[in-house]
Amino acid sequence: MRVGCPKEIKNHEYRVGLTPESARELVANGHEVWIESGAGLGIGAYDSDYSAAGAKVIEGPDSIFAECEMVVKVKEPQAEERAKLREGQILYTYLHLAPDPEQTADLVQSGVTAIAYETVTGAGGTLPLLKPMSQVAGRMSIQAGATALEKAHGGRGVLIGGVPGVMPAKVAVIGGGVVGFNAAQMAAGLGADVTILDRDPEVLERVGIHFESRAKTRFSNVANLYDAVCQADLVIGAVLIPGAAAPKLVSREMLKDMQPGSVLVDVAIDQGGCFETSKPTTHAEPTYIVDDVVHYCVANMPGAVARTSTYALNNVTLPHALRIAQMGWKEALRSDSNLAAGLNVHEGKVAYQAVAEELGYDYVPADELLN
């Protein structure tokens with residue numbers, strides 16, 4: 001199969017879909033790899049590194065979209081990229097379609113077969129292709145929040161860990177999954193006063209056992225959520241409903257009772273955000289203020305640590321890319337129900353139920369499209 005990897009064009013996105021090592025792996029298995037010139041510069045990978053791996057370096061993205069059977073990316077295709085997609089082509093990348101009707105409409109119209117990293121499943125309903133970026137984003141959320149808390153950035157002027165004789169920052173983490181766990185780990189490590197909220201008693205038990213006295217746990221009901229958010233210096237939104245839009249857990253009204261200069265970091269922004277006042281931002285302009293509360297809602301947080309993120313991502317995406325290239329998308333998905341869960345769009349049909357329900361499309365199960 002001819003596999004193409006264009007340069008990412010989203011604002012301040014430095015990751016790349018294939019590392020030179022991944023390209024070499026595909027080539028060693030008999031496939032042809034086309035990489036856009038300069039695609040790997042953000043991770044310190046040069047065109048010469050890809051050439052040495054056996055890939056063909058291409059100027060510009062047009063021929064990759066026109067001639068490659070599978071396009072491997074990191075972020076959802078931007079409008080100008082979507083215009084280049086075609087029927088019969090495989091798109092393998094993060095999509096986050098539920099909060100993005102324009103992208104979904106373009107993918108449906110293109111006839112492309114779109115497989116989303118974020119809905120590929122693993123044992124026990126896990127999301128192994130989302131996990132490494134959730135780990136990165138969770139850890140970064142504390143770094144970003146600590147910076148936003150500085151007075152020069154609009155924050156309260158609070159140091160996360162405090163100093164002897166001065167209380168540390170209060171950090172509320174909404175959601176005890178991968179993002180929330182990693183956020184809490186970083187915050188607790190810096191000495192913050194950490195509270196983790198979740199609705200699953202098993203999650204609360206697990207994180208409670210792990211953190212012991214270094215973090216508190218609270219059941220996430222309306223009263224507890226309100227109390228934790230209003231007391232916090234920093235709130236991390238770390239909720240996820242796989243493939244669906246995130247629930248709006250923090251309302252505009254709640255902001256009025258928060259401390260002026262407190263910070264909201266919405267890691268769920270890729271899925272529409274879990275704060276009512278959230279809107280996507282970029283690394284170029286990461287924050288804005290509503291009712292004296294600083295909002296950090298960067299939609300591609302891991303792109304800032306591109307080398308770490310790209311290698312972590314390729315570790316989990318490459319095996320499936322190889323499988324698709326070896327067997328063709330249909331046979332690869334037929335033989336692996338976890339990979340089949342990644343099918344979101346095929347030839348104008350929406351194959352992921354949460355996306356179809358959120359955006360008003362007829363839902364066609366992947367099994368029907370595969371058989």
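User: Before we start, what should I keep in mind about the model?

Analyst: Happy to say: the model is predicted, local features need pLDDT of at least 70, side-chain atom pairs count only at pLDDT 80 or more, and totals for chains, interfaces and linings use all residues. Residues are numbered from 1 along each chain as its sequence is written, and side-chain values use heavy atoms, with hydrogens and water left out.

User: Why is helix 7 called roughly parallel to helix 8?

Analyst: Helix 7 (residues 178–189) and helix 8 (residues 201–211) pack at an angle of about 25°, with their axes 12 Å apart. Angles under 35 degrees count as roughly parallel, so helix 7 is roughly parallel to helix 8.

User: Which residues of helix 7 and helix 8 meet?

Analyst: Phe181, Ala184, Gln185 and Ala188 of helix 7 meet Arg206, Val207, His210 and Phe211 of helix 8; contact means heavy atoms within 4.5 Å. Sorted by class, this contact has 5 nonpolar, 2 polar and 1 charged residues.

User: And how do helix 6 and helix 7 cross?

Analyst: The axes of helix 6 (residues 131–148) and helix 7 come within 7 Å, crossing at roughly 35°. This crossing is right-handed. Among the residues in contact are Ser134, Gly138 and Ile142 of helix 6 and Val179, Asn182 and Met186 of helix 7. By class there are 6 nonpolar, 7 polar and 2 charged residues in the contact.

User: What makes the buried residues of helix 1 line one face?

Analyst: In helix 1 (residues 20–28), Pro20, Ser22, Ala23 and Leu26 are buried, buried being under 20% relative accessible area with a 1.4 Å probe and protein chains only. Viewed down the axis of helix 1, these buried residues fall within an arc of 160°, so they line one face of the helix. The arc is that of the directions from the helix axis to the C-beta atoms.

User: What covers those buried residues of helix 1?

Analyst: The cover includes strand 1 (2–5), strand 2 (32–36), helix 2 (47–52) and helix 11 (306–327). After helix 1 comes Gly30, with a positive phi near 90°.

User: How do you know that Gly162 counts as buried?

Analyst: Gly162 has 16% relative accessibility, and therefore counts as buried. Gly162 sits in the loop between helix 6 and strand 7 (170–174). Leaving aside residues up to four places away in sequence, Gly162 touches Met167 and Pro168.

Note on methods. Axes are lines fitted to C-alpha atoms, for helices over the stretch in contact, and angles run from 0 to 180 degrees between N-to-C directions. Helices (H or I, at least four residues) and strands (E, at least two) are DSSP runs, numbered from the N terminus. Angles under 35 degrees count as roughly parallel, over 145 as roughly antiparallel, 65 to 115 as roughly perpendicular and the rest as oblique. Ala, Val, Leu, Ile, Met, Phe, Trp, Tyr, Cys and Pro count as nonpolar, Asp, Glu, Lys and Arg as charged, and the others, Gly among them, as polar. Buried means under 20% relative accessible area, exposed over 50%, partly exposed in between (1.4 Å probe, protein chains only). A crossing is left-handed if the near helix is turned anticlockwise from the far one by less than a right angle, and right-handed if clockwise.
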